[in-house]
Amino acid sequence: MARTAPPSNAALAEALFRLADREPPGERRLALLRAGYSAMDAPGPVRRRVLAEAPPWLEPLLGQLLACPGEGALAAAVERLAGGSARRRRPARERFLSRAEVDGVLAGAPEPLRPGLLRGAFHWHTRDSDGHATLETMARACHRRGAFWAVVADHSRGLEVASGLDAEGVRLQRRRLRRWNDRYGDELLLIQGLEVEILEDGTVDVPAVERDALDVVVAAVHRELGPERDQTARLLRAVTSPGVHVLAHPRGRLFQHRPGIRARWERVFAACAEAGVAVEINGFPRRQDLDWELARLAVEAGCDLLLASDAHAVPHLEYDRYALAIAVRAGVPAERILNLRRADVFLDWLAAG
Ligand SMILES: [Zn+2]
Ligand SMILES: [Zn+2]
């Protein structure tokens with residue numbers, strides 16, 4: 001008799017989130033959410049970790065969910081527990097990979113898409129904006145992880161939520177990059193990016209003359225992210241702005257919180273391909289933006305892709321694995337992934353843009 005597989009971490013997480021959805025704000029809801037996140041982030045089978053972290057009252061419920069002999073049984077148990085009120089999966093939870101799924105996808109990845117082959121560590125933050133570590137600490141960590149080049153992308157000053165870099169800050173950081181590259185550039189070449197803000201009208205918040213002084217201009221949306229209106233025009237204007245190299249986390253979605261903006265993505269990606277602007281797959285676990293369906297669309301449009309960790313601390317650098325897993329699931333050919341190229345080839349790509 002065929003044995004049914006126990007529910008996956010992702011299915012268990014979704015079950016816990018659905019049960020949390022129907023709870024009023026309070027301890028119970030928080031504990032269910034915490035257990036759900038723990039399942040999403042667990043590297044291996046979830047049982048011991050989630051149970052160890054849960055309050056005693058939650059243990060019987062967790063035990064019941066974990067004992068379900070398959071995902072159908074799990075869904076039925078959630079229906080029963082929620083008294084038929086468990087809503088369908090919310091759009092802000094669609095097409096996110098659990099850590100266990102990332103590991104599974106990468107274990108079966110085709111040879112040229114093995115994590116160890118990533119040469120470039122793209123899009124991470126330092127203390128110069130809202131990161132926790134210094135430029136040099138992050139650079140050393142990139143090198144330890146096997147990168148040969150790395151693109152720092154702190155926020156521009158225009159982003160109110162982060163203490164970003166103004167023109168003077170960019171210059172000062174650039175000096176430190178030079179010092180690093182003079183000493184260690186042969187081992188890890190540091191490249192200066194800046195994560196600039198796409199304003200509501202599609203212009204970016206850093207003037208063209210300042211964009212010219214940067215190696216990589218990474219444009220991203222962080223506000224006006226409501227799904228109500230179509231934002232194609234905003235994105236088209238941003239990606240055709242001179243000096244923009246990359247469209248980062250294009251939707252601006254956030255797990256549980258917002259599904260991100262709506263746009264006619266074929267048009268946006270076609271404009272990126274036309275302008276030589278790379279599209280980012282942001283691997284920060286709560287972002288995963290693009291997801292694999294949109295990543296596939298970007299490839300079909302002819303775009304080059306950059307995988308990003310969006311690390312704000314050293315341990316986050318490994319989030320580029322999530323981005324790689326999304327690329328693998330989307331069937332992105334290796335030659336479209338700029339992180340797999342040598343530093344000089346990436347610099348040539350930048351120069352051509
Ligand atoms: Zn961002
Ligand atoms: Zn960022």
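To begin, how much accessible surface does the protein chain have, and what percentage of it belongs to carbon and sulfur atoms? Then please turn to the part that concerns me: which residues coordinate the zinc ion (ligand 2), and which residue bridges it and the zinc ion (ligand 1)?

Reply: The model is a predicted one. The accessible surface of the protein chain amounts to about 15600 Å², and 52% of that area belongs to carbon and sulfur atoms. The C-alpha trace spans about 60 × 45 × 35 Å along its principal axes. A compact globule of 353 residues would have a radius of gyration near 20 Å, so the 21 Å of the protein chain agrees with that expectation. The chain holds 14 helices and seven strands, and 53% of its 353 residues count as buried. Of the contacts between residues at least 6 apart in sequence, 75% join residues at least 24 apart.

As to the metal site, the zinc ion (ligand 2) is coordinated by H123 and H125, each through NE2, by E195 through OE and by D310 through OD, at 2.1 to 2.2 Å. Along the sequence these donor residues follow the spacing H-x1-H-x69-E-x114-D. The angles among the four donor atoms run from 85 to 174°, and the site is irregular. A tetrahedral assignment would require all angles to lie between 85 and 135 degrees, so the 174° value at the zinc ion (ligand 2) rules it out. Both histidines of this site are enclosed by protein: H123 counts as buried because its relative accessibility is 0%, and H125 likewise has 0% and counts as buried.

The bridging residue is E195, which joins the zinc ion (ligand 2) to the zinc ion (ligand 1); the two ions lie 3.5 Å apart. Distant parts of the chain are linked here: E195 belongs to strand 3 (residues 189–197), whereas H249 sits in the loop between strand 5 and helix 11, 54 residues apart. E195 has a relative accessible area of 2% and is therefore buried; H249, at 0%, is buried as well.

The buried ones are T232, R234, L235, L236, A238 and V239. Their cover includes strand 5 (246–247) and helix 11 (265–275).

In the largest nonpolar core, which has 57 residues, L235 and F269 touch the most other members. Helix 13 (residues 320–330) supplies the largest share of this core, namely eight residues. Apart from it lies another core of 30 residues, including L33, V46, L58 and L74. Leaving aside residues up to four places away in sequence, L235 touches I198, V221, L247, P250, I261, A263, W265 and V268.

Methods. Residues are numbered from 1 along each chain as its sequence is written. Chains are lettered from A and ligands numbered from 1 in the order in which they are written. This is a predicted model: local features need pLDDT of at least 70, side-chain atom pairs count only at pLDDT 80 or more; totals for chains, interfaces and linings use all residues. Side-chain values use heavy atoms; hydrogens and water are left out. Donors are N, O and S atoms within 2.8 Å of the metal (3.2 Å for Na, K and Ca); water is not among the atoms, so sites may look incomplete. Four donors count as tetrahedral if all angles lie between 85 and 135 degrees; four count as square planar and six as octahedral if opposite donors are over 155 degrees apart and all others between 65 and 115; anything else is irregular. Buried means under 20% relative accessible area, exposed over 50%, partly exposed in between (1.4 Å probe, protein chains only). Helices (H or I, at least four residues) and strands (E, at least two) are DSSP runs, numbered from the N terminus. Contact means heavy atoms within 4.5 Å. The radius of gyration is taken over C-alpha atoms; the globule rule is 2.2 Å times the number of residues to the power 0.38. Accessible areas come from the Shrake-Rupley method with a 1.4 Å probe; for residues, only the protein chains shown count as cover. A nonpolar core is a set of buried Ala, Val, Leu, Ile, Met, Phe, Trp, Tyr and Cys residues joined through side-chain atoms within 4.5 Å.
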